[in-house]
Amino acid sequence: MNNDDSCQQKHNLVQRDYYESRTQQQNWRGQPGNSNYIVSHVRRVLDSNLLLKGDKVLDVGCGMGKFTIPLRCEGVDIEGFDLSPYLLEKLVSACPEAIDIATHCGDILTPPASLHGQFDAMTGFFMLHHLIDIKSAFIGMKQVLKPEGRLLFVDVNPFCPFYYLQISLSPSMRWKAEKGILNLTDAKLTAALTAAGFQDIAIDNYGILPPPLKNLQAGNWFEKQFDRIGILKPVAAFKFISAKAT
């Protein structure tokens, strides 16, 4: 085993422990549902018109299905992929009776050969900042996509100061597992995607509210006003990232 493999395994153990060791109450952020917060991020992906009718989609870092299940309920032919078999079991058990979602367990840096070239598009929600090497991850994702397959990701903006405050104050969050946020600048994302063989890269910042505020009655109204103020975009809380495989 070389040093890179050893570092990757240690990183994966940290990430799995981060979620698998939490109580159900502490894992509330990963629970699926239909809150304003969840719906807004799902709509960001759907309203991009980059998911086409009939697309076969893989949701990477799907966890307990927080966004996977809502996308499936919207009619997307989606499957889940995650590092943790424990979280995948939670996803399956959380599916409504009429919903069936296939799941795959593995590391996206080295995806199973059986998944190579199988998907038209790939989604991911707040998982990129949990990766140890985003360029290698994008290379792995490209292997799973069909030619000209699309990536559609939602993640955090490293220039939003509130995220660092959230990590510091939340007892269930640890910088050790969240520090990959520093890799999500537009420049680093664009360089990693380009090096991995993606083109038509687009990155758009939006939103500002955490779930407890977004889910208040006035939350949607406030964020709409925030998003209309262009000079605030650099410090918005979230990023929508899209790209197409060459």
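**Salt bridges, sheet and cores**

A search of the whole structure finds eleven salt bridges, a salt bridge being a side-chain nitrogen of Lys or Arg within 4 Å of a carboxyl oxygen of Asp or Glu. The structure is a predicted model, in which local features need pLDDT of at least 70 and side-chain atom pairs count only at pLDDT 80 or more, while totals for chains, interfaces and linings use all residues. Residues are numbered from 1 along each chain as its sequence is written, and side-chain values use heavy atoms, with hydrogens and water left out.

As background to these pairs, side chains of opposite charge can pair when their charged atoms come close. One of the salt bridges joins the side chains of Glu20 and Arg16, at 3.0 Å from N to O. Both residues belong to helix α1 (residues 3-20), where they sit four residues apart, about one turn of the helix. Helices (H or I, at least four residues) and strands (E, at least two) are DSSP runs, numbered from the N terminus. Glu20 is partly exposed, with a relative accessible area of 26%, and Arg16 is also partly exposed, at 30%. Here, buried means under 20% relative accessible area, exposed over 50%, and partly exposed in between (1.4 Å probe, protein chains only).

A salt bridge also forms between the side chains of Glu74 and Arg43, at 3.7 Å from N to O. Glu74 lies in the loop between α3 (68-73) and β2 (77-82), and Arg43 in helix α2 (residues 36-46), so the pair ties together parts that are 31 residues apart in sequence. Glu74 is partly exposed at 48% relative accessible area, as is Arg43 at 32%.

Lys244 pairs with Asp200 in another salt bridge, with the closest N and O atoms 3.5 Å apart. This pair links distant parts of the chain, with Lys244 in strand β7 (residues 238-245) and Asp200 in strand β6 (residues 198-206), 44 residues apart. Lys244 is partly exposed, at 22% relative accessible area, whereas Asp200 is exposed, at 52%.

The strands β6 and β7 are themselves partners, paired in the antiparallel sense over seven bridges; two strands pair if DSSP finds at least two bridges between them. Within this pairing, Ala202 has Ser242 of β7 as its bridge partner. Both strands belong to an open sheet of seven strands with mixed pairing, in the order β3-β2-β1-β4-β5-β7-β6. Its edge strands, each pairing on one side only, are β3 (103-105) and β6. On average, neighbouring strands of the sheet are turned by 20 degrees against each other, direction ignored. Axes are lines fitted to C-alpha atoms, for helices over the stretch in contact, and angles run from 0 to 180 degrees between N-to-C directions.

Helix α5 (residues 134-144) lies across β1 (56-60), β4 (119-125), β5 (145-156), β6 and β7, running at about 135 degrees to β5. Contact means heavy atoms within 4.5 Å.

The largest nonpolar core has 61 residues, of which Leu128, Phe138 and Met141 touch the most other members. Strand β5 gives the most to this core, with six residues. A nonpolar core is a set of buried Ala, Val, Leu, Ile, Met, Phe, Trp, Tyr and Cys residues joined through side-chain atoms within 4.5 Å. Neighbours within four places in sequence aside, the contacts of Leu128 include Phe138, Met141, Phe153 and Ile241.
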